[in-house]
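Let's take a friendly walk through one protein model, a few residues at a time. Keep the picture beside you and find each part as it comes up.

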Amino acid sequence: MTHSLSHADELTIDTYAQILRSGGVVAFPTETVYGLGASAHQLEAVNKIFALKGRPADNPLIVHVSSYAMILEFAAVIPDSARILIQKFWPGPLTLVFEKKKSVLDAVTAGLTSVAVRMPEHELALALIDASGPLVAPSANKSGKPSPTRVSHVQEDFGNHIPVLDGGNCQIGLESTVLDVRKSPFVILRPGSVTASMIQEKTGLEVIDIAGIPDQIHHTPASPGLKYSHYAPEKPVRWMNSDECEGQLHDSTLYLTHSGDYTPVKDRVVNFNRDYTLMGQSLYDWFRRSDKLHSLDIAVQPFTESDSSTCQPALENRISKAISRHNEK
Ligand code: TXA
Ligand code: MG
């Protein structure tokens with residue numbers, strides 16, 4: 001793959017790739033969120049990722065690649081239908097779950113027989129992986145914190161202990177769609193900005209979205225990460241319609257609204273004006289900011305069918321998870 005990087009970027013990438021090749025950990029930008037990278041072929045490096053994040057060992061990692069040849073180091077089989085997806089959506093925010101090769105480290109897949117692989121759409125990430133080899137990269141946050149979409153978020157969680165490749169703010173701001181392509185129909189395990197209808201449209205193949213179905217219905221969680229509370233701020237989150245605000249919106253509530261017809265009356269009302277791309281880019285930043293603002297809670301305007309956008313299913317999923325995390329407590 002060819003990249004047009006500045007000389008300074010090339011030098012930084014060489015240095016960081018060297019750290020990764022010698023078993024170290026580097027945070028790097030992707031189009032979705034910042035990743036905490038380590039060599040996917042080095043057990044000690046992979047173990048460092050679990051330790052640094054405080055991540056349960058049964059939650060597998062996504063392998064990030066920069067070339068098609070690298071997929072074959074991990075996937076035992078690439079079904080023909082998945083090849084179409086790769087052609088249409090890679091590089092991009094779509095993670096594919098394949099049958100894994102025997103040689104893949106158990107620590108990467110948490111002992112599963114499958115492996116998740118994606119090719120990020122970010123020139124710094126691709127150049128880094130070209131130079132370092134394939135990387136496991138969970139979101140670069142401490143387990144349980146919202147994913148980082150800015151360099152400052154990574155530093156909030158890890159201080160200056162981990163080198164961060166600075167790519168500015170992430171373009172999408174919500175984690176990739178995770179899609180199991182081992183069987184037909186494909187199954188969405190985690191919604192992201194590549195939606196079921198986009199996949200159906202580009203491939204003509206059927207897709208089921210199980211992300212909205214509670215685990216009691218599909219008894220074994222297909223994606224171990226689904227059972228953990230992610231994406232959540234410290235403060236409680238709830239849905240609230242703008243017409244319910246009267247009387248319910250106290251001074252200390254951070255209200256995230258998007259419909260465009262709500263007139264902000266208080267400082268802590270953010271109106272995304274139907275710009276769902278912006279809402280995706282900044283949701284986790286608001287979650288993190290609310291922990292620093294002296295707000296007591298966060299209210300979010302629910303979505304209706306007329307709010308449809310490619311980010312909407314992922315936004316709805318992450319906000320619902322943040323709400324249920326507090327209901328569990
Ligand atoms: O956008 C993203 O995917 C970001 C950036 C850095 O690429 N990464 C990310 O990684 O969100 P992480 O570790 O925070 O989330 C990975 C999710 C988890 O829910 C995990 O359970 C699931 O992917 N996963 C990983 N391997 C899997 C597998 N073999 N089968 C099913 N789910 C898997
Ligand atoms: Mg994560």
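Leucine 96 sits in strand β4, which covers residues 94-99. Is this leucine 96 buried or exposed? With a relative accessible area of 0%, leucine 96 is buried, because buried means under 20%. Bear in mind that this is a predicted model.

Which residues does leucine 96 touch, once its neighbours within four places in sequence are left aside? The contacts are Ala82, Leu85, Ile86, Trp90, Val115, Ala116, Val117, Leu179 and Val181. One of them, alanine 116, is 20 residues away from leucine 96 along the chain, and the C-alpha atoms of the two are separated by 5.5 Å.

Next, look at the aromatic rings. The model has three aromatic pairs, and Trp239, Tyr276 and Phe303 form one aromatic cluster. Two of the pairs are set out here.

| Pair | Distance between ring centres | Angle between planes | Type |
|---|---|---|---|
| Tryptophan 239 and phenylalanine 303 | 6.1 Å | 80 degrees | edge-to-face |
| Tyrosine 276 and phenylalanine 303 | 6.1 Å | 55 degrees | tilted |

Tyrosine 276 lies in helix α9, so its pair with phenylalanine 303 links parts that are 27 residues apart in sequence.

Tryptophan 239, at 29%, counts as partly exposed.

Finally, follow helix α9 to one of its partners. How are two packed helices described? The angle between their axes and the distance between the axes are used. Helix α7 (residues 151-158) and helix α9 (residues 276-292) pack at about 50 degrees, with their axes 11 Å apart. The two helices are therefore oblique to each other, and their crossing is left-handed. On the α7 side the contact is made by His153, Glu156 and Asp157, and on the α9 side by Asp285, Arg288 and Lys292. Sorted by class, this contact has five charged residues, one polar residue and no nonpolar ones.

Terms used:
Residues numbered from 1 in each chain as written. Chains lettered and ligands numbered in written order. Predicted model: local features only at pLDDT ≥ 70, side-chain atom pairs only at ≥ 80, totals over all residues. Heavy atoms only, no water. Axes fitted to C-alpha atoms, helices over the stretch in contact; angles between N-to-C directions. Helix = DSSP H or I, 4+ residues; strand = E, 2+ residues; numbered from the N terminus. Parallel < 35°, antiparallel > 145°, perpendicular 65-115°, else oblique. Left-handed = near helix turned anticlockwise from the far one by under 90°. Contact = heavy atoms within 4.5 Å. Nonpolar A, V, L, I, M, F, W, Y, C, P; charged D, E, K, R; others polar. Phe/Tyr/Trp six-rings, centres within 6.5 Å; stacked < 30°, edge-to-face > 60°. Buried < 20%, exposed > 50% of the residue type's maximum accessible area, 1.4 Å probe, protein only.
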